[in-house]
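Hello,

Here is the structure you will be taking over. Please look through it first; my notes follow below.

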Amino acid sequence: MGLKYTSTVTVPPPYLMVLGAGPFQGPLLTTARGMRVSTVALDQNPAAASRALADAFVQCDIADISAVLACARARNIIGVVSAASDVALPAHAAVAEALGLPGPTPDSVRAARNKERAALRLRATGVPCPETVSAESGAPVDVGGYPIIVKPAVGAGGRGVSIVERSESLGGAVSLARQYGSPLYQRFVTGAPLGLEAFIVGGRIRACFAFEDQLGA
């Protein structure tokens with residue numbers, strides 16, 4: 001005679017982890033829902049604008065790598081994504097590496113988020129980019145002289161950035177940049193400020209689009 005039993009264990013659905021639940025992550029969550037992909041969104045703000053679009057929500061600082069990793073390990077995560085947030089990238093890479101999921105590597109994220117490292121790698125591969133040096137080890141003359149850009153080395157959402165046209169203004173610009181991270185000097189390049197978003201799969205650009213930078217006229 002066969003045995004019959006009733007299981008009381010509920011297996012959680014496989015989740016796509018979305019880092020951020022603000023307005024910029026809304027289209028990502030909406031697309032996932034349209035594809036019938038269950039999502040768990042993480043955001044420090046309990047009233048995040050796109051929270052209701054996720055199947056599950058966790059209040060978590062997406063810049064806290066340990067907390068994001070703990071959340072990922074506690075759930076059945078099949079993928080991790082972030083959108084319009086370079087703050088989320090270190091945790092994004094850490095989760096992908098820890099769980100063996102597709103995603104950027106921690107090394108590539110460190111290089112991409114640090115403007116000096118990114119400039120060195122771009123120039124090493126022959127891609128033109130403005131001369132960039134750390135304010136701690138370089139001087140304005142190293143990037144071509146005034147006018148120069150002074151900015152934090154790691155992304156600060158456009159904060160702490162100054163155009164410096166003479167040496168008398170340098171100290172104040174460096175102090176401003178230092179509020180958001182280690183300051184650096186960069187050659188000032190004139191022209192229309194444009195941004196570029198690119199989607200890279202297997203080392204190849206599969207799609208990209210350009211947009212007018214928010215600092216443009």
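How many bridges join strand 1 to strand 2? Four, between residues 15-19 and residues 39-43, and the two strands run parallel. In that pair, V18 stands opposite A41 of strand 2.

Before the rest, the ground rules. This is a predicted model, with residues numbered from 1 along each chain as its sequence is written; local features need pLDDT of at least 70, side-chain atom pairs count only at pLDDT 80 or more, and totals for chains, interfaces and linings use all residues. Side-chain values use heavy atoms, leaving out hydrogens and water.

Confidence: pLDDT (the predictor's confidence in each residue, from 0 to 100) averages 89 over the chain, and 92% of the residues score at least 70. Residues 5-9 stay under 50.

Helix 1 (residues 26-34; helices are DSSP H or I runs of at least four residues): its buried residues (under 20% relative accessible area, 1.4 Å probe, protein chains only) are G26, L29 and A32. Seen down the helix axis, they fall within an arc of 130 degrees (taken from the directions from the axis to the C-beta atoms), so they line one face. On the other side, P27 and G34 are exposed (over 50%). Strand 1 and strand 2 are among what covers the buried residues.

Best wishes

Methods. Contact = heavy atoms within 4.5 Å. Pairing = 2+ DSSP bridges.
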